[in-house]
Amino acid sequence: MDNKLEFSTIDEYITMAPPETQAVLQKIRETIQAAAPEATEKISYQMPTFYFEGNLVHFALAKKHYGFYPAPSGITAFEPELTAYKYSKGAVQFPIDKPVPYDLITKMVVFRLAENKQKAAEKLAKKKNK
């Protein structure tokens, strides 16, 4: 999508995407919502973002793929399942012309949610011990 466009909600982001990609973007959003119902939505780095005790995951539309950003830990934890896709330290690319692995997205979101909950609990415990 055009990086010059500014969005303030995920609804706006999806509405401004090409019509042929909107249903998949909405399904990615719904998949994340179902996996992390306590997370809130926001736009961060001009991408749809889900937040719970820190950023959980981002997703975005590129010219030839849907980008999914589960942080480096999310990539490392699922690296064996990502071999069919291009991926880097903190991002995976799901080609527009192939089925999106919603089950894998669910697993990555659940992993990131548990990770953020753990970090928040550790931070709270540290504060209490001061």
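I count a salt bridge when a side-chain nitrogen of Lys or Arg lies within 4 Å of a carboxyl oxygen of Asp or Glu. With that in hand, I opened this predicted model and went looking for charged pairs.

**Entry 1: the tally**

I asked how many salt bridges there are by this rule. The count came to five. I followed up some of them below.

**Entry 2: a pair inside helix α4**

I started with Glu 115 and Arg 112, whose side chains meet in a salt bridge at 2.3 Å, N to O. Both residues sit in helix α4, three residues apart, which is about one turn of the helix.

I then looked at α4 itself. It runs over residues 102-128, 27 residues in total. From first C-alpha to last I get 39 Å, close to the 39 Å expected at 1.5 Å a residue. I listed its buried residues, and along with Arg 112 and Glu 115 they include Tyr 102, Leu 104, Ile 105, Met 108, Val 109, Leu 113 and Asn 116. What do these buried residues pack against? I found α2 (19-35), β3 (55-61), β4 (65-69), α3 (71-77) and β6 (92-95).

**Entry 3: α4 and a loop**

Still on α4, I checked Lys 107. It forms a salt bridge with Glu 81, with the closest N and O atoms 2.7 Å apart. Glu 81 lies in the loop between α3 and β5 (86-87) and Lys 107 in helix α4, so this pair ties together parts that are 26 residues apart in sequence. I noted both as partly exposed: Glu 81 at 36% relative accessibility, Lys 107 at 40%.

**Entry 4: Arg 29 and its partners**

Last, I moved to Arg 29, which forms a salt bridge with Glu 41; their closest N and O atoms are 2.7 Å apart. Why does this pair tie together separate parts of the chain? Arg 29 lies in helix α2 and Glu 41 in strand β1 (residues 40-44), so the parts it joins are twelve residues apart in sequence. I see Arg 29 as buried, at 7% relative accessibility, while Glu 41 is partly exposed, with a relative accessible area of 31%. I also noted a network of salt bridges here, linking Asp 11, Arg 29 and Glu 41.

Key: Residues numbered from 1 in each chain as written. Predicted model: local features only at pLDDT ≥ 70, side-chain atom pairs only at ≥ 80, totals over all residues. Heavy atoms only, no water. Helix = DSSP H or I, 4+ residues; strand = E, 2+ residues; numbered from the N terminus. Expected span 1.5 Å × (residues − 1). Buried < 20%, exposed > 50% of the residue type's maximum accessible area, 1.4 Å probe, protein only. Contact = heavy atoms within 4.5 Å.
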